[in-house]
Structure formats: C-alpha cells, structure tokens
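Please keep the sequence and the structure at hand while reading.

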Amino acid sequence: MKVAAILIDTCRELIYRKTLIVYVGLVSLTHLLFVLALQTDVADGVIAGLTVFGLEGQGSGNSFSLGTGGPGAALDISAADFVRYVQLVVAFIFYSLGILLSVFATASLVPHMLQKGAIDLLLSKPMSRSGLFLSRYLGALAVASANLLYLVVGLAIILAWKTGIWNGGLVLSGLAMCLYFASLLGFLVLVGTVTRSTTVSIMIAALLFFVGFIIRFPHQNTDWPLLITGRVWRALAVGLVEGLYHILPRTYDMGRVASLLILQEGQVSWGPILNTALVGAGALAVATLYFRRTDF
Amino acid sequence: MRPVRALQGIDLSVPRGSVFGLLGPNGAGKTTLVKILLGIAFPSGGRASVLGRPPGDVRAKARIGYLPENHRYPAHLTGAQVLHHFGRLSGIREPARSQRVAGLLQRVRMQDWGSTRSNKYSKGMMQRLGMAQAVLNEPELLILDEPTDGVDPIGRHELRDLVLEQRERGATIFLNSHLLSEVERLCDRVAIMKAGRLVRQSTIDDLTRRTETHEIELRGIERTALDRLLTAVDGLRSLEDGKGDGRRFELSGDDAALNRAIDALRAAGATIIAIKPRKDSLEDVFVKVVGENEP
C-alpha cells in the first residue's frame with residue numbers, strides 16, 4: 001500500500017505537469033492520422049495501391065512518390081517492408097521526443113521530493129528510505145514507459161489493421177527504449193539527489209544522452225588516437241573514451257538495437273542492452289545509498 | 001566552513017501521556033533533535049530511542065504523528081488527497097481511511113476545501129491540514145514543530161483544542177514552539193535548549209513557581225501617608241507614579257511581612273482592592289535562563 005501511495009502520487013504529479021500529456025496527445029494525433037489518412041491495398045504481399053490524404057502513391061525502382069502517377073499504379077515494395085520503414089521513421093521521431101519529454105517531466109521528481117518541508121513529512125512516515133526512493137523511481141519509469149508503449153503498440157496495431165502485417169519487432173524496440181530510459185533515469189535521479197536541482201538534472205541527462213551517442217564513433221574508430229602524438233595523452237584520451245563508453249547508457253547502440261528489431265534485420269547484440277541496464281542499475285544503487293545516508 | 005555541533009549532551013526523557021514543550025532560541029537545535037528522533041537526520045554519536053525503538057524505526061514511526069515546521073504538500077493534490085496520500089503511507093486501510101479523512105477535514109473546519117488543491121490554501125489552512133495529517137494515524141506520540149506558526153488567534157485556539165483532545169485520547173505530545181504563552185497553557189513539562197545544549201528541564205509549575213513577592217492595589221490614601229508607609233514598611237515599593245486613581249505596590253517578603261504590611265496599610269486608612277501573589281511567567285523564566293547562559 002505504501003509503495004502504491006508513492007506510485008500513485010508520482011503519476012499524479014507527472015499528469016499535473018502536463019509535459020507527458022502533451023506527448024500522449026501528439027502520439028494520439030499520429031495514431032489518428034494513420035487511422036484516417038492511410039489506405040493501402042495489399043496483393044500477394046506487395047503494396048498494390050496506397051493513398052495518403054487522398055493522394056495516391058507509386059513506386060519505381062528504389063523511389064517512391066505521392067500524387068504523380070495515375071490511379072492504381074502498382075508499388076514495387078513489399079507490404080512488410082513498407083510497414084517496417086514507416087514504423088522505423090515514426091518510432092525514431094517519437095522515441096527521441098518521448099525520451100526528451102520524459103526527461104523534462106521526471107527531472108524535477110527527486111528535487112521536489114527533497115525540498116525542505118516535503119522530505120521531512122515523507123521520512124516521518126513508516127516506510128524505509130530505500131522503499132520511498134525506489135518507489136519514486138518506479139513511478140516515473142512506469143509513466144514514461146506507458147507512454148512509449150502506447151506509441152509502439154498503437155502504431156503496430158494500426159499498421160497491422162491497415163496492411164495485414166504485424167511487426168512484433170516494433171513492440172520489442174519500444175521495450176528496448178524503455179530500458180534505455182530506465183538507465184538514463186537512474187543517472188537523472190542520482191544527479192537530482194546529489195544536486196537537488198531540476199535544471200542541473202536536465203542538463204546532465206541531456207549531456208549523457210548526447211555523449212552516449214557520439215562516444216560510439218571514437219570507440220568504433222581505432223585510428224583516431226594516432227592523431228595524438230604524446231603517448232601519455234593518447235593513453236589518457238583512449239582511457240577517457242573507453243571509460244565513458246562503458247559507464248554511460250549507450251544511446252547510439254540502443255538506437256541501433258531498436259532499428260534492428262523494427263527492421264527484423266541482422267542479429268541483435270546483447271552487449272549494449274546489458275551494459276545500459278547495468279550502468280543504469282549502478283547509478284540507481286548509488287543514488288539510493290546516497291539518499292539513505294543523507295541528513296535532511 | 002567550521003563544523004558545528006548542533007546538539008551535545010542532551011539527556012531528555014518524555015513521560016507517556018504528557019504534553020512536553022521544547023523551548024529555545026533560533027538555532028538552539030530543537031528541530032535537529034526532532035529530526036534525529038524521527039530518523040530524518042543522523043546523530044554523529046550518542047543513543048536515542050522513541051517509543052522504545054531506535055530513531056527512524058519503521059514500526060515506531062507507524063505510531064508517531066509529525067507536523068514539521070514549514071511543511072510543504074504536493075501542489076497537485078487537494079486537501080483530501082493529501083490526507084489519503086499520507087494515510088496510505090501510514091498504512092491506514094479503507095474504509096477507515098476515508099472515514100478518518102472526512103472526520104478530520106470536518107474537525108479542522110476544512111470540509112469545504114477538501115477538493116481544492118493545497119497550493120491555494122492560506123498559511124492557516126495549511127497548518128490546519130497539517131494538524132489533520134499529523135493525527136490521521138491516531139498516534140501514540142504526536143510531534144508538533146511550531147504548529148501555530150502563522151495561524152490567527154481563533155485558529156490557534158482551535159489547534160490548541162485539537163492538541164488537548166489528543167492528550168485526552170492518551171497521546172504523548174512533544175511540542176516545539178516559540179510561542180511561550182501557548183507552551184505555558186498546554187504543557188506539563190518543558191525543556192529549554194540553547195546552542196545545542198539542554199539548560200533547564202522541569203514542570204511548568206516548578207519553573208513558574210510563586211515568588212515571595214505580592215502586588216497590592218490600594219485606594220483612598222493620602223500622598224503624605226503613602227510616602228510615610230513606603231519608608232516605614234520593609235520591602236514595599238510603588239509601582240506607578242501616583243497619577244492614577246489606584247495605587248499599585250510591590251511587596252517583597254514572606255507571609256509575616258505581608259500581614260504586617262496589610263496592618264500598616266489599613267491603619268493608615270487605605271482600602272485594599274487586591275493582593276496578588278506574583279508568579280514568574282514562562283517568558284520571564286525563558287529570558288532569564290537563556291540570558292544566564294549567554295557566553
């Protein structure tokens with residue numbers, strides 16, 4: 001009941017902020033657009049005809065255009081590929097937006113909880129500090145994940161209805177993004193607990209998001225350290241890049257995992273998934289320990 | 001920054017069922033002491049127990065109600081939702097929770113505001129809601145930190161009644177307040193803290209005991225007779241300039257001295273309007289105790 005109280009309160013607080021409501025509104029609008037604007041005609045697994053907002057589409061070789069061909073022009077694209085590419089584009093726009101808005105919405109949860117007068121009341125109640133802190137984390141994660149899953153499950157169902165193709169990979173990619181956000185949220189609550197500042201929490205989370213994305217390139221390119229002539233500086237730079245690559249949530253790699261799942265191409269690597277989960281859990285554990293030992 | 005010892009050498013016990021007041025100037029360490037007892041802050045050393053359990057113990061906290069100073073409720077919750085939220089956190093199940101929430105909102109005269117968000121409340125309403133929150137779990141120990149801060153006189157009177165109701169119910173009350181008159185009215189025992197140390201601990205009666213001084217009010221005596229009396233009666237001195245109708249005097253001395261003074265005053269033709277034994281107020285005691293311990 002006590003965990004439920006914190007979960008309910010966290011959900012209420014996020015709904016009150018309206019940031020995630022805006023996200024749900026945008027996702028719902030997108031869903032509605034697909035329901036109302038997209039009409040497909042699938043024959044033998046190929047898109048035989050496609051209409052978007054009344055404009056008919058046609059394909060030729062690798063190109064695709066709307067409204068330039070005559071009625072009934074056949075498209076040279078399989079229905080399965082069409083569904084996957086549409087899902088990939090929509091998912092990546094909304095994954096980025098969803099994670100960004102979720103960071104904005106949840107960044108203040110811990111600093112607000114730690115405000116003088118609020119934390120005293122919470123800590124006076126018969127609940128352990130760890131339970132209180134982790135419930136707050138779970139509440140934020142539940143709301144953000146529900147939003148991401150609303151996007152992917154809705155999109156998968158609508159496109160399956162319109163084309164007859166069900167892509168379970170989209171739903172799995174949504175779960176991968178939830179895991180990524182869970183990891184980022186671990187760092188977000190750690191920064192929030194130590195600094196008690198919403199602004200700093202957002203700045204650090206955004207920094208981690210981008211560093212987690214770009215750090216992949218020097219990690220992958222083994223030649224770049226040769227640009228540094230000093231051996232010590234080269235070793236330090238390599239150490240820094242590898243250190244950051246391994247201790248931060250892997251934005252690029254998790255995006256790649258989501259792409260592979262949606263497109264159902266290639267083998268999904270478990271390394272980035274496990275690493276992202278572990279560093280997020282580590283950040284959360286440090287944040288919980290810090291919270292448990294802090295005087296308020 | 002130099003480390004500060006917020007508390008040192010505190011040895012305090014609060015009898016069950018009593019109303020205990022903790023007094024001290026700003027920065028004396030009163031709130032720190034309360035926070036340590038509740039596990040909100042940690043001591044660097046020493047031992048403490050609350051309801052027979054260590055500070056911060058979850059089972060002990062289930063039996064404690066707490067109203068912190070400058071408490072802050074989630075802005076997105078209405079008054080009723082605040083009480084339900086803290087009721088859930090206190091482990092109060094339905095339907096008892098809903099019954100208590102409705103009853104307490106009525107008790108603190110907030111029944112018409114239960115569905116209004118708490119960020120719309122005045123300071124006084126916040127204190128009343130805070131008080132309802134603190135007693136929601138029917139605590140054995142009720143810790144109140146400046147409960148009447150910012151509350152108007154009528155609101156203070158109502159909160160005082162609520163505290164007394166809790167005492168009648170059998171709760172032990174630990175009151176931390178700057179309002180000495182309030183502490184004097186409510187508390188059985190008080191402790192005075194200064195600079196992290198406990199400098200006095202006693203019952204209110206002991207602290208504010210009668211002094212060997214009486215205030216005497218007279219009428220119908222000539223100025224010359226009065227001057228004679230002031231030199232003739234030991235320990236008698238005037239308390240006013242004589243411009244008013246009455247004459248107010250202070251007499252220092254035991255009961256025999258008081259009787260001698262009465263005889264002398266009557267013999268001089270004075271009409272005695274009132275004789276009042278003088279008692280130190282808690283404020284007098286507080287100022288004296290805190291002043292005595294000035295470094």
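The term pLDDT denotes the predictor's confidence in each residue, on a scale from 0 to 100. It applies here because this is a predicted model. For chain A the mean pLDDT is 88, and 94% of the residues of chain A reach 70 or more.

**Confidence within chain A**
- Confidence in chain A is highest in helix α12 (residues 270-293), with a mean of 96.
- At the other end stands strand β4 (residues 63-66) of chain A, where confidence is lowest, at a mean of 62.
- Where pLDDT is low, the predicted coordinates should not be read in detail.

**Build of chain A**
- Chain A contains 12 helices and 4 strands.
- Taken along the principal axes, the box filled by the C-alpha atoms of chain A is roughly 75 × 55 × 25 Å.
- Of the 296 residues in chain A, 38% are buried.
- When contacts in chain A between residues at least 6 apart in sequence are considered, 72% of them join residues at least 24 apart.

**Contact between chains A and B**
- Chain A gives 22 residues to the contact, and chain B gives 23 residues.
- On the side of chain A that touches chain B, the elements giving two or more residues are α1 (2-17) and α5 (118-123) of chain A.
- The largest share of that side comes from α1(A), with 7 residues.
- By residue class, the side of chain A that touches chain B consists of 10 nonpolar, 4 polar and 8 charged residues.

Notes: Residues numbered from 1 in each chain as written. Chains lettered and ligands numbered in written order. Predicted model: local features only at pLDDT ≥ 70, side-chain atom pairs only at ≥ 80, totals over all residues. Contact = placed C-beta atoms within 7 Å. Nonpolar A, V, L, I, M, F, W, Y, C, P; charged D, E, K, R; others polar. Buried ≥ 20, exposed ≤ 12 C-beta atoms within 10 Å, placed from the backbone.
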